[in-house]
Amino acid sequence: MKEEIGLRERDLNDLNLRYFALRNVGNELRINYYFFADLKPNAVINEKCSEGILEWVALDKVNDRKMPVTAQYVIKHYLEIGINTDELYSVSVDSKDNFSIASLS
């Protein structure tokens, strides 16, 4: 976060690892970690990002965005269930994009 948009841990409240995802893509196993946090009111965010276009999207519109399949499943689950719990979840997606989500808590 610091490298891409200038955010530091002190700019956040309740930073937590909430999901890790495994996805089988051909001969490659991809692993992603998804952290969630709240921005503090005084947090300063760089408007330019070296990794692409930085944009803020309303929560009810985020799943309308193009994103990797594991991110789609994580965001959908988080908005339906995860926002109301502190549990850690694993997500697995096979080569046919079939998925499962399980609580590890």
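Strand S2 contributes the most residues to the lining of the largest pocket, eight in number. Strands here are DSSP E runs of at least two residues, helices are H or I runs of at least four, and both are numbered from the N terminus. Before I go on, the basis: this is a predicted model, where local features need pLDDT of at least 70, side-chain atom pairs count only at pLDDT 80 or more, and totals for chains, interfaces and linings use all residues. Residues are numbered from 1 along each chain as its sequence is written, and side-chain values use heavy atoms, with hydrogens and water left out.

Back to the pocket. The largest pocket has a volume of about 1700 Å³. A pocket is an open set of points on a 1 Å grid over the protein atoms alone, where a 1.4 Å probe fits, with protein on both sides within 12 Å along at least five of seven lines; lining residues have an atom within 4 Å of a point. The volume is the space filled by probe spheres set on the points, which are joined across faces, edges and corners.

The lining of the largest pocket has 40 residues, and Phe-35, Phe-36, Trp-56, Val-62 and Ile-75 are the closest to its centre. Two or more lining residues come from each of helix H1 (2-5), strand S1 (12-25), strand S2 (28-39) and helix H2 (69-80).

Next, the sheet. Four strands form an open sheet in the order S2-S1-S3-S4, with mixed pairing; two strands pair if DSSP finds at least two bridges between them. S2 and strand S4 (99-103) are at the edges with a single partner strand each, so one side of each has no neighbour in the sheet.

S3 (residues 89-93) and S4 run antiparallel and are joined by five bridges. Val-93 has Phe-99 as its bridge partner in S4. The hairpin of S3 and S4 has five residues between the strands, and Asp-97 there takes a positive phi near 65 degrees.

Last, the loop between S1 and S2, where Asn-27 lies. Is Asn-27 buried or exposed? Asn-27 is exposed, at a relative accessible area of 88%; exposed means over 50%, buried under 20%, and partly exposed in between, with a 1.4 Å probe and protein chains only.
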